[in-house]
Amino acid sequence: MKISVIMPSFLGTLDVEGAASNRQQKFIRAVNSFLRQTHKDKEIIIISDGCNDTIRIVENNYKKELKGGVIKLLKLEKHPPFTGIVRQRGIDISDGVIITNLDSDDIYQSHHLQNIDVSFNTDKSDWVYFNNIVKPDGLDVTMFYQNVSPELGKLCNANIAWRRDIDVTWTGCDGRHDNQLFIKQLIDKYPRHKKIYGCGYEIHNIIIQKR
């Protein structure tokens with residue numbers, strides 16, 4: 001199955017608690033981790049959220065992938081941080097059967113998309129989650145994300161994938177915990193979900209202080 005990966009990208013300075021440093025270098029690392037995926041039927045939609053640096057890096061470094069459609073570059077005006085419509089605009093131009101996310105400061109292990117493809121039976125589940133994010137020592141992601149469902153545990157945009165044809169939207173999911181609003185839609189509207197194992201999404205950001 002074709003998998004579409006959504007990546008909003010603003011590489012300038014963000015006046016937001018927990019924002020990553022070295023954003024341009026991490027962006028290139030993230031895109032390259034997507035290109036190294038063993039799963040071949042894939043695309044990444046990079047949304048330049050008012051960021052000329054994103055446009056410059058993609059157009060200068062990934063000409064072949066742009067021409068071949070493996071990378072799609074969507075140029076938007078700048079939105080406030082964590083505005084859901086940015087992700088949704090990327091989804092609107094995607095072609096995949098399955099949608100998932102990659103933040104511009106994170107990376108995939110090489111088998112990540114292949115495992116989603118093998119484990120996600122779209123005839124039996126509308127969405128899946130893989131609550132096994134790999135993280136470097138000292139990054140306490142479990143304290144960073146709020147619970148949406150005690151039964152499912154800590155979920156965020158980094159560890160979910162869903163069928164593109166189901167009736168959910170990022171539009172209106174705004175603010176610091178935009179992902180929680182989106183995931184609540186999935187939980188409330190689509191009970192056919194499954195936890196899958198063996199995925200490889202690595203968070204490489206900064207140490208996030210416990211709350």
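1. A quick definition before anything else: a residue counts as buried when its relative accessible area is under 20%. This is a predicted model, and in it tryptophan 170 comes out at 0% relative accessibility, so that residue is buried. Phenylalanine 182 goes the same way, since its relative accessible area is 1%, and it counts as buried too.

2. On to the rings. Two numbers describe a pair of aromatic rings: the distance of the centres and the angle of the planes. With centres required to lie within 6.5 Å, the model has 4 aromatic pairs. Take tryptophan 127 and tyrosine 129: the ring centres are 6.1 Å apart and the planes sit at 40°, so this pair is tilted. Both tryptophan 127 and tyrosine 129 are buried.

3. Now back to the residues from point 1. How are the rings of tryptophan 170 and phenylalanine 182 arranged? They are stacked, at 4.3 Å centre to centre with 10° between the planes. Tryptophan 170 belongs to the loop between strand E9 (160–163) and helix H6 (178–189), while phenylalanine 182 is in helix H6, so the pair ties together parts 12 residues apart in sequence.

4. Two lysines are worth a look if you care about charges over rings. The charged end of lysine 78 is placed over the ring of phenylalanine 10, 4.6 Å from the ring centre. Lysine 42 lies over the face of phenylalanine 34, and here the distance to the ring centre is 5.7 Å.

5. Lysine 42 also takes us to strand E2, which covers residues 42–49. Is E2 enclosed or open, and why? Of its 8 residues, 8 are buried, so the strand is largely enclosed by the rest of the structure. Side chains in a regular strand alternate between the two faces of the sheet. In E2, one set pointing the same way is Lys42, Ile44, Ile46 and Ser48. Glu43, Ile45, Ile47 and Asp49 point the other way, and the residues of both sets are all buried.

6. Finally, the neighbours of E2. Strand E1 (residues 3–9) runs parallel to E2 and is joined to it by 7 bridges; for example, serine 4 has glutamate 43 as its bridge partner in E2. Strand E3 (residues 71–76) is also parallel to E2, with 6 bridges between them. There, isoleucine 47 has leucine 74 of E3 as its bridge partner.

How values were computed:
Residues numbered from 1 in each chain as written. Predicted model: local features only at pLDDT ≥ 70, side-chain atom pairs only at ≥ 80, totals over all residues. Heavy atoms only, no water. Phe/Tyr/Trp six-rings, centres within 6.5 Å; stacked < 30°, edge-to-face > 60°. Buried < 20%, exposed > 50% of the residue type's maximum accessible area, 1.4 Å probe, protein only. Helix = DSSP H or I, 4+ residues; strand = E, 2+ residues; numbered from the N terminus. Lys NZ or Arg CZ within 6 Å of the ring centre and 35° of its normal. Pairing = 2+ DSSP bridges.
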